[in-house]
Amino acid sequence: MTTRLFGEKVQRLEDPRLLTGQGRYLDDLGHDAVAVAFVRSPHAHARIRDIDVSAALDAEGLISIYTWEDLPGRLAQPLPLLIPHPALTHGRTAYPLAKETVRHVGEPVVMVVAEDRYLAEDVCDLIRVDYELLKPVVGIEEAAQGAQLVHDDVPGNLGAHFVQEVPAADGRGAREAIEQAAHTLAFRLDIERSASMPLEGRGVYARWDGTDLRVYSSTQTSTSVRMAIAAKLDLPLPNVEVIAPDVGGGFGVKIVHPWPEEILVPWAAMTLGREVKWTEDRREHFVSSAHERGQVHFVRVGFDDDGRVEGLEVTILHDHGAYTPYGIIVPIITSTQLLGPYKLGSYRVEFSSIYTNTVQVTPYRGAGRPQGVFCMERTMDKIAQYLGADRTAVRERNFIQPADFPYDQGMVFQDGRPLIYDSGDYPEMLRMLKELIGWDSFERRPGVGIGIGCYVEGTGVGPYEGGHVQITSDGRVHVSTGLTSQGQGHETVFAQIAATELGVPIERVSVVTGDTRRFGYAVGTFASRAAVMSGNAIALACRKVREKALRIAADALEASADDLEITEGVVHVKGAPGAAVPLATVAVLANPLRYAFDEEAKRATQFAGTASPDLPPVAEGEEPGLEGRDYYSPVRSTFASGMHAAIVAVDPDTAEVEILRYAVVHDCGRLINPMIVEGQIHGGVAQGVGGALYERMVYDAHGQLLNASFMDFLMPYATEVPRVETAHLETPSPLNPLGIKGAGEAGVIPVSAVIAGAIEDAEGIAIDRMPISPSELFHLRG
Amino acid sequence: MKPPPFTYHAPLDLGSALDALAGAGARGKVLAGGQSLIPLMNMRLASPSHVIDINRVPGLDTIEDERGGVRVGALARHSRVERSGPAPLRRALKLVAHPVIRNRGTVVGSLVHADPAAELPAVLAVLGGSVRLASLGGVRDVAAADFFVGPLESDLRAGELAVSAFFPGLPPRSGFAIHELARRHGDYALAGVCAVVTLGDDGRIAAARAACIGVAATPQLVELEGGTPAELARAVQERTDPEGDIHASAAYRRHLVGVLAERAFTDAAREAAQ
Amino acid sequence: MTQEERHEITLVVNGVARQARVPARRLLSDALRHDLGLTGTHVGCEHGVCGCCTVLLDGEPVRSCLTFAVTVDGRELTTVEGLAGPGGMSPVQRAFAECHGLQCGFCTPGFLCTVTAFLRDNPSPTDDDVIEGISGNLCRCTGYQNIVKAVHRAAELMAEESE
Ligand SMILES: Cc1cc2nc3c(=O)[nH]c(=O)nc-3n(C[C@H](O)[C@H](O)[C@H](O)COP(=O)(O)OP(=O)(O)OC[C@H]3O[C@@H](n4cnc5c(N)ncnc54)[C@H](O)[C@@H]3O)c2cc1C
Ligand code: FES
Ligand code: FES
């Protein structure tokens, strides 16, 4: 019997705790902590004239009030610009508490600490901030004109301007190739703002004991939060620990760090000598975390009679809100991942990243890809329509072929590395999708349409992740990795990997993520990278531990390590199950002891007679203990892919859109746990449907967010999400030992493109702007 | 998002409830199901100094037949009325929020709350019902037409408790229907139409009434003579002039009123014929 | 500084009478989580839309974020912590695990309470019934498909176990 767990639908190890109310989310911790609330700017753009706290001073439960003036040292400086880029010539970040100017509704101005959150909010209501109103800059095109400025020292509101060009094989630029092509089309495509919107908001809880600071944060990257806190509060790194407890969803927004609250709350804990906690409420989440997706795209394409693209030029206006802490990752991803599964004759992309007086923009699941895929797939549909050709045939003619891998797109990707696809089989995938949705047998009926969308997703970006594996003398396997979990089932998939690699039952494996006390080096959970990066690191660490276990067991069994294998947690000679030693014993033997603490441990003490008297108890080059640590750092990203299709019905009278069927074919290399991958796809598609038909952030001309509640920001319920039909293709990645690719973001990426195509097919009206509401569709009908 | 402080009153009978309300005056609010009041308080958009919680007042959770209709008490929750109330209310309630909200929300609370996008005020209006208001000064019945004053504004005065609402039954040869369009299932409607039609001896529609949801500050009542559903719908549409908001433009809303009115008149006529 | 008035209340939570001294404005969700330490009930919006905070009040699902604790003084509540029986997780909980009906788990307690009451009233629901039954709960992770599956599976388990 072998422990084949890799690839199985293993039930999740985290579930028993989460199903019985035993999960530990941020606000479940710190029962005795005092509470923080913020006075946030009600204006999109204003200068702070005066802050008057006098009316608040004798409020019940007040502990302390802080403004920017109170912040010491580096805490008073702007927050870090996390991802600098040479093209980001005018990167700007906020102060933890506003200094002089506020640049979006929701920007924190005053921090209040009180005995509980109710009282803290009462205090906030009593603080008077006198603002001098400045003209707000709202709307990407208005902002691009630069008549009003978000930052006085950023002319034209232009944060970054970036051009990448891949010339044709004969050296012609994309513009020239388009001019000279048999056919050209030009059009504009828009995607509106949305947001990650996890059901658990952000939150921070800090404890200070005079020397050591322990911070819990609902974050996607505890290691980086730790470094930021140490730097901002001027503490030695070893004295700061950051733990991501159970996290109620992230979807990108919790990768940003340090949030103002992530350094202010620990600082308050140190200053006050009390446990301090801030739990974000929903209104705060709407106006003071981050949004994404808002972009305008101008597309020009030249193609031949068969629909082969000879040149594509895309010019993007990216709305990055008031600040750029996460750099220009989103438009970089749009501009590179736009290429999808296609081999274009030539390509030129240019983007301008523009400041507006709105909430900052940082990645939301998909991170710029939904916009890029919308551009490319709408382009394919328009070419097909122009030529009167089948939409799938045009795509097929432009596909990269299986023999072309590795395929170099000739660009620089978000990790600063060349955009080289590792593997895939796009023609086969299209065949599977057409079969699944019944593309060729689809019957035309009035008001019903079919749409398709294809994408390639760079997953598992570097720089690295690590894993640590320790087998203790009770035979249990303790795995830790630094990146964090927000519901992706990492505890389970990493345990599956460890159990498979080590030959132990999965029940004996436990996994800890996102706790810097257990693993200090990590990057974080984003870009569908967790399984690829930490999964491979853990596999490598397991292989080290396995090797050591076999070495020690070989000694004990007087056999050669090559003849040993591990099954069900026992090392034995292949074919001779009698000659065996449990991993528990191997763990004991791996750690020469002076003191016995139980029966097992006696075997490792000095008079047990197990060690050779002529050798040092810990051999040269060895370390005590049965444990190993390794890192995985790939040269490049690995590229997952997928294709979706949908059939929609549009009500002829009300213009309501109903999704009748939704089909997904997906390739993320080898599947570790198909159940979990399917779950990721379902969730991604649901978010995609939200983005296509329901969700948008609506700002008025004053920079007020008009729908900052779940009543008006319309996340789909079960009644709005279609059943998703899935099929998998597995083309293993040649880049990593496990052959896996990431799956976390896949579901969301092409949905707007697919639904737009289907509505267009049903209605015969060009759909160039998403999301689309019944009201907007009604007006398009004219 | 925590509510502001208030003084809490939990009267155990109607008399003490009215006493407390009288004492609180304009600074008091009745707490029934709390499904509209508490979200507003959590957002600090409402901050009553006194909250008079009527949930322990006996005798208010009634649904009783009364001559010509049904009287629904102030503590009759949506979910109960949905099971055992009159047919028009039952159907309308399926469109109100979600089952869990309906377990707490009350029909009378919804009327007093007077949200222009809410279903129940339109039902009361189209049926020509009334609300009974009690205070230390006495009891008065206010007809639907006078009760809804503006958006989130009813004729309830300081010190008054709405003790019940009366929903008249349909005349003979009459039918009722409600159609609406909400962005998500359970959301407040973008627009909706409640219709009542009465058939003449010839089997055609002889009289029709419609109350429109979400198109004006209060449920907009349109009374018409006979006609086909399409003609009647056009007449309703001509008399409405909705505004646009972030979810729907004015023109689309107006278009919807026509579509929904025709559907409602058609269904109501079908019901009347049965 | 005036101290806000406190009210002595008793909540019978998961069969145990628990006392608390709370201001009138204390939301039931906060009373459960912070006064009684039952943090299994989650808070996702505090305006009644997400359903994370759903608990059973005398057996009926209600939003604990839209209920003042003082209003339900003396009443019986069931929270996610009280769904499992002495023999382990309830059929609904087991079905959610089996069908992968949860990812981050934040919405899960609200779904479990809602579904427990729903299946009590509709022991063999259709697909449409199930979708209507869970239509007031948001989940940002699962896309609901596996939750719907889990509800059907729970109905099956309950039927098997009552035989
Ligand atoms: C997520 C969500 C979705 C919703 N969707 C809809 C929907 O689609 N359609 C819809 O119609 N409603 C909807 N509602 C509102 C719901 O129907 C409410 O229950 C209803 O509007 C108010 O009833 P209540 O008993 O909860 O009133 P409360 O919230 O207790 O009170 C509302 C107001 O009425 C006053 N009041 C209540 N009862 C009395 C009384 N007897 N005498 C005097 N004053 C009184 C209160 O003082 C308060 O001002 C929704 C609510 C939520 C949370
Ligand atoms: S927290 Fe109560 S419904 Fe969202
Ligand atoms: S499992 Fe994360 S919100 Fe539902």
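Between chain A and chain B there are five salt bridges. This is a predicted model, so keep that in mind throughout. One bridge to find on screen is Arg263(B) with Asp651(A). Their closest N and O atoms are 3.4 Å apart. Polar contacts across the interface of chain A and chain B come to 19 residue pairs, both partners at pLDDT 80 or more.

Which helices of chain A supply at least two residues each to the side that touches chain B? Helix 2 (117-126), helix 7 (282-288), helix 16 (674-694) and helix 18 (774-781). Helix 2 of chain A gives the most, with five residues. By class, that side of chain A has 14 nonpolar, seven polar and 12 charged residues.

Now the extent of this interface. Chain A puts 33 residues in contact with 25 residues of chain B. The two chains bury about 2500 Å² between them. Carbon and sulfur atoms carry 59% of that area.

Next, chain C against chain A. Here 52 residues of chain C and 59 residues of chain A take part in the contact. The buried area is about 4400 Å², and carbon and sulfur atoms give 56% of it. How many salt bridges are counted between chain C and chain A? Six. Take Glu60(A) and Arg6(C) as one of the salt bridges, with closest N and O atoms 3.6 Å apart. The polar contacts between chain C and chain A number 27 residue pairs, again with both at pLDDT 80 or more.

Look at the chain C side of that contact. The elements giving two or more residues are helix 1 (28-35), helix 2 (91-98), helix 3 (108-121) and helix 5 (145-162) of chain C. Helix 2 of chain C has the largest share, four residues. The classes on this side are 22 nonpolar, 20 polar and 10 charged.

On to the ligand. Ligand 1 is surrounded by 34 residues. The closest are Val30(B), Gly34(B), Leu37(B), Thr106(B) and Glu119(B).

Let's go through some polar distances at ligand 1. A polar backbone atom of Gly33(B) sits 2.8 Å from a ligand oxygen. Gln35(B) also places a backbone N or O atom 2.8 Å from an oxygen of ligand 1. With His78(B), the side chain is involved: one of its N or O atoms is 3.0 Å from a ligand oxygen. As for cover, ligand 1 on its own has 950 Å² of accessible area, and the protein covers 97% of that.

Which elements build the shell around ligand 1 with two or more residues? They are strand 2 (28-31), helix 6 (107-113) and strand 10 (161-168) of chain B. Helix 6 of chain B gives the most, five residues. The shell divides into 19 nonpolar, 12 polar and three charged residues.

Back to salt bridges, now for the whole structure. Over all chains there are 89. One within chain A is Glu115(A) with Arg274(A), closest N and O atoms 3.5 Å apart. Glu115(A) lies in the loop between strand 5 (108-114) and helix 2 of chain A, and Arg274(A) in the loop between helix 6 (260-272) and strand 12 (276-279) of chain A, so this pair ties together parts that are 159 residues apart in sequence.

Last, the backbone of chain A. Most peptide bonds are trans, and most residues other than glycine have a negative phi. Here are some exceptions. Gly462(A) and Pro463(A) are joined by a cis peptide bond, omega about 0°. Pro463(A) sits in the loop between strand 18 (448-459) and strand 19 (465-471) of chain A. Met770(A) and Pro771(A) are joined by a cis bond as well, with omega about 0°. Pro771(A) belongs to the loop between strand 29 (769-770) and helix 18 of chain A.

And is phi of Asn157(A) positive or negative? Positive, near 60°. Asn157(A) is in the loop between helix 3 (140-145) and strand 7 (158-166) of chain A.

Technical notes
Residues numbered from 1 in each chain as written. Chains lettered and ligands numbered in written order. Predicted model: local features only at pLDDT ≥ 70, side-chain atom pairs only at ≥ 80, totals over all residues. Heavy atoms only, no water. Near = heavy atom within 4 Å. Polar contact = N/O pair within 3.5 Å; in protein donor to acceptor, adjacent residues only side chain to side chain. Areas by Shrake-Rupley, 256 points an atom, 1.4 Å probe, with all protein chains shown as cover. Nonpolar A, V, L, I, M, F, W, Y, C, P; charged D, E, K, R; others polar. Contact = heavy atoms within 4.5 Å. Buried area = accessible area lost by both parts, 1.4 Å probe. Salt bridge = Lys/Arg side-chain N within 4 Å of Asp/Glu carboxyl O.
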